[in-house]
Amino acid sequence: MWFFDVRGGPDPGTTTVADLKSARLHYVSKPDGKVIEPFAAGVQTYPDVALLSAHVANRRLVFVTHGYNVRFRDSFNALAGVRQFLSLNESYLVIGVLWPGESATPINYMWEHKDARAAGTRLAEFVDTHCGAAAEVNFISHSLGARVGLECLKAVKRPFREVCLTAPAVNADAFAKRYKGVEVKAERISVLASRADKVLMLAYPPGNFAATAFGEIDAPLTAALGRTGASPRPANVANYQIPSTFLWLDPAVDRDFDHMDYYPGQTMKTSPAVVLPEPTDRNNARPAQAARYNLWHLMTHALPPWPR
């Protein structure tokens with residue numbers, strides 16, 4: 001699996017987004033299910049991102065990125081787990097996007113929005129410069145990684161096909177304000193959200209309020225896109241609300257579907273145990289699995305009519 005890395009350096013807590021000239025590629029040749037250790041055996045690093053141009057011709061590219069406060073090692077493994085989970089055919093090429101969403105202290109959150117925005121701009125430059133021969137371009141994100149994807153859409157010249165934002169740590173009114181109009185750059189944008197997301201319920205508004213000092217947040221107390229879905233919702237943006245409740249009053253809902261439940265084996269502290277879904281059935285009894293079925297169908301062009 002290929003990784004596009006704009007972290008700017010290997011040191012945890014000290015990385016900054018590199019410009020495109022100092023970005024790099026990693027290629028991981030380890031078998032699925034094996035833990036990836038950066039800069040170890042089975043991981044090749046290349047300083048020239050143009051190298052990937054030779055591998056994208058006529059492929060359906062799927063860029064997938066992590067969220068805030070994900071260690072360098074865990075970012076490799078979480079994104080490799082998504083590629084394994086999707087089990088796409090050879091027409092697809094899944095590329096992990098590594099950006100410096102790592103924190104030595106929670107206060108780092110106040111300026112990580114800036115890093116996410118810069119990473120999105122670098123990704124747009126990369127797509128426009130080196131991915132012209134690809135058959136299509138798609139994007140999947142988690143949490144604050146949604147800002148990487150939306151900033152990429154804002155800057156990119158080539159339109160994307162599918163954009164899937166899971167638990168996006170972006171304001172619910174993003175498509176009417178900061179990212180107004182970016183939806184025209186994608187055939188479809190799908191938002192996977194859960195009202196049981198305790199991180200977006202409890203930490204997102206206070207964290208955004210603090211981030212206003214850096215001019216990164218428009219309305220600091222607005223609900224998160226990853227809890228309520230898009231409001232207002234453009235025509236080609238689909239809200240997938242996972243049946244759940246923060247108050248745990250309804251025994252019929254998946255009370256455990258929280259912020260870190262979207263990507264399989266997300267933290268990857270041990271070898272990932274990824275169970276592939278049966279693509280013919282997305283109405284699984286557990287909403288957590290249903291969300292993952294959505295992700296599978298999004299990327300295999302088989303999604304049923306959109307929910308509102």
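Let's start with the second largest pocket. Its lining has 15 residues, and Arg59, Arg83, Glu90, Tyr92 and Val94 are the ones nearest its centre. E2, H1 and strand E5 (92-98) are the elements that each give two or more residues to this lining. E5 gives the most, with 3 residues. The volume is about 340 Å³.

A word on the source. This is a predicted model, with pLDDT of at least 70 required for local features and 80 or more for side-chain atom pairs, while totals for chains, interfaces and linings use all residues. Residues are numbered from 1 along each chain as its sequence is written, and side-chain values use heavy atoms, without hydrogens and water.

Now the terms. A pocket is an open set of points on a 1 Å grid over the protein atoms alone, where a 1.4 Å probe fits, with protein on both sides within 12 Å along at least five of seven lines; lining residues have an atom within 4 Å of a point. Volume is the space filled by probe spheres set on the points, which are joined across faces, edges and corners. Helices (at least four residues) and strands (at least two) are DSSP runs, numbered from the N terminus.

Next, helix H1. H1 covers residues 72-86, 15 residues in total. From first C-alpha to last, H1 reaches 22 Å, close to the 21 Å expected at 1.5 Å a residue. That expectation is 1.5 Å times one less than the number of residues. Of its 15 residues, 14 are buried. Buried means under 20% relative accessible area, exposed over 50%, partly exposed in between, with a 1.4 Å probe and protein chains only. After H1 comes Ser87, with a positive phi near 50 degrees.

Which residue sits 8.9 Å from Phe76, C-alpha to C-alpha? Val35, 41 residues apart from Phe76 along the chain. Val35 is in the loop between strand E2 (24-28) and strand E3 (43-46). Val35 is buried, at 17% relative accessible area.

On to the backbone. Most residues other than glycine have a negative phi, and most peptide bonds are trans. Asn58 has a positive phi of about 65 degrees. Asn58 is in the loop between E3 and strand E4 (60-65), and is exposed at 64% relative accessibility. Asn69 also has a positive phi, near 60 degrees. Asn69 lies between E4 and H1, in the loop, and is partly exposed at 44%.

Last, the peptide bond from Ser231 to Pro232. Cis or trans? Cis, with omega near 0 degrees. Pro232 is in the loop between helix H5 (225-228) and strand E9 (237-242).
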